[in-house]
Amino acid sequence: MTQANLLVIEGKNHGNRYDLTGRRYQIGRGSLCQIRVTDNLVSRAHATIQHKTGNFTLLDNNSSNGTLVNGKPVAEHSLTNGDRIQVGETVFLFTCDEFHSSQEIAASRISFVRQAPEFERSRIVGEVSDRTVAAFTGVNPAEGIAEQAEMVAQLTTLYQITEEVVRPTLSPDQLLDRILYLTTEVVGADRGCVLLFSPEGGKIIPRVFIDRTGQSERMPVSMSIVDYVVKKGQGVRTSDAQTDQRFDHGQSIFQAGVREAMCVPLQGRDDLLGVVYVDTTMTSEEMLYRSQEGSHFSDSKLRLLIAIGGQAALAIENHRYQNALLKAERLAAMGQTIAMLSHHIKNIMQGIRGGSYLVNNGLNDMNEELLQKGWQIVEKNQNRIYNLVMDMLTFSKERAPAYCEGDVNKLATDVEELVKGKAEEAHVIISLDLDTQIPPAWFDEEGIHRALLNIVSNAIDAVAEKQGDEGEVQIATEYDANRDRISITVEDNGPGIPAPQLEKVFNMFESTKGSRGTGLGLAVSQKILHEHNGEITVESRPGLGCKFTLNWPRMDDEHRIVESPTMA
């Protein structure tokens, strides 16, 4: 099965990845879309991706602002690996595994040909090192029109290849395939391949292959030429292979009708990565009459191929460096996550062990007061580990809100009752200020409940640290009829959040509560509000307190469409 995904490379949800494993995917602002983009420039059902037998087709659903693929508006487009899809201000990178088998295809289409030592004399008619490529600097006014046109075409190709090199891609084979296509086109080669050294043992192996004639089952590659290029580090071109002494006429390279070949090194910053090999072929009639049409390849084309080889080598190295850096960052993030979670779970388990010890003593002594005290500690830490796990699950996966009609005031009241015991224990007064004019709203009750609970719990913890005056936390609801939006504010009179920490409060594992906090609560709450096309804002007054505001549309697009006829 073809594996494909969309990676957000620009926009609000930068870094999110969506796996495309089914047959149909809706992209849009609507809550029922599998790939939801909360952007006012995006239509409710903006575009559709259809998957059939390994092919992915993008359809624009007559959206208001259109859909772009690689910067161009499209109504329907067959997606290929590396395409950039833009809807509103969000840009996706489409990747699939269609190019993952390029190496297998190349290996099945390339034949390495070695001649006996007595045939090693070569009719190589041109050699170019990377030092002589410096002569490839521009158009000489003294040259003829044909030469100038060829030079312009070569410079254009180099520019196109440079664009490909900096284009975001997750597959080096895709990049090499595109470079090889442009190369064979500009130098007029019939076939081409890229051979790279394997990481294990240094054996050279085919990586990508292209046949512009569509007639060759296999491409013979002279290992004499490849070995020469690898040893000398220079690009070479051969004359008519039919009369080249290196090619034994009993070998497949003669039978395949190879006329000319060029081979250049892929020289990286420090190491030789492989070679690019291209050739031209002869038809059976040309082979029969040994048609002599002059040399098709030239030194200028060889210099161009050298320059392309350098670009391709740098692209391969950059991709390897990028993968190594990405792997290191992932391992570092994984290590930080494991360390933080281990620390929090250890603290929770210590609390459970302490409570269990009291419970055990209470059972042995038949002391009901000790039993109750120990059980309260166990129960408190059970709630802590439950909330930690739920926050981890909420943050770890993309989900569409399960919208249902609900009462915002009732939700705020439920949260207030749930934390009342914690507030009393911390000597914090908690109060409600409910807007009685709020109409029925549509939201994910479990999600908003968790988001609000995290904010209120944080406020109680913050106020509990305040010395002297009695701490207060107020939960208030409000309805903005003009914008048809709901807001819930949580305001406390705690110490506030210092300015340097204010910018990081919604980051994972950024906690102002020391060992008592996980650094997940605010990040999870923000994610839930973003899923509702809403937001969380914070106002801090150091020494006087904080005010968090949860704000989101009263209803999603689907319910708004249903309600609008009755409201008209």
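The side chains of Arg541 and Glu491 form a salt bridge, with 3.2 Å from N to O; a salt bridge is a side-chain nitrogen of Lys or Arg within 4 Å of a carboxyl oxygen of Asp or Glu. Arg541 belongs to strand S25 (residues 535–541) and Glu491 to strand S24 (residues 485–492), so the contact ties together parts that are 50 residues apart in sequence. Helices (H or I, at least four residues) and strands (E, at least two) are DSSP runs, numbered from the N terminus. Arg541 is partly exposed at 38% relative accessibility, and Glu491 is partly exposed at 26%. Buried means under 20% relative accessible area, exposed over 50%, and partly exposed in between (1.4 Å probe, protein chains only).

This is a predicted model, in which local features need pLDDT of at least 70 and side-chain atom pairs count only at pLDDT 80 or more, while totals for chains, interfaces and linings use all residues. Residues are numbered from 1 along each chain as its sequence is written, and side-chain values use heavy atoms, with hydrogens and water left out.

Across the whole structure, the search finds 9 salt bridges. One of them joins Arg191 and Asp279, whose closest N and O atoms are 2.9 Å apart. Arg191 sits in strand S14 (residues 191–197) and Asp279 in strand S19 (residues 272–281), so this pair links parts that are 88 residues apart in sequence. Both Arg191 and Asp279 are buried.

Another salt bridge lies within a helix. Lys410 pairs with Asp414, the closest N and O atoms being 3.2 Å apart. The two residues are 4 residues apart in helix H9 (residues 408–425), and therefore separated by about one helical turn. Lys410 is partly exposed, with a relative accessible area of 49%, and Asp414 is partly exposed at 26%.
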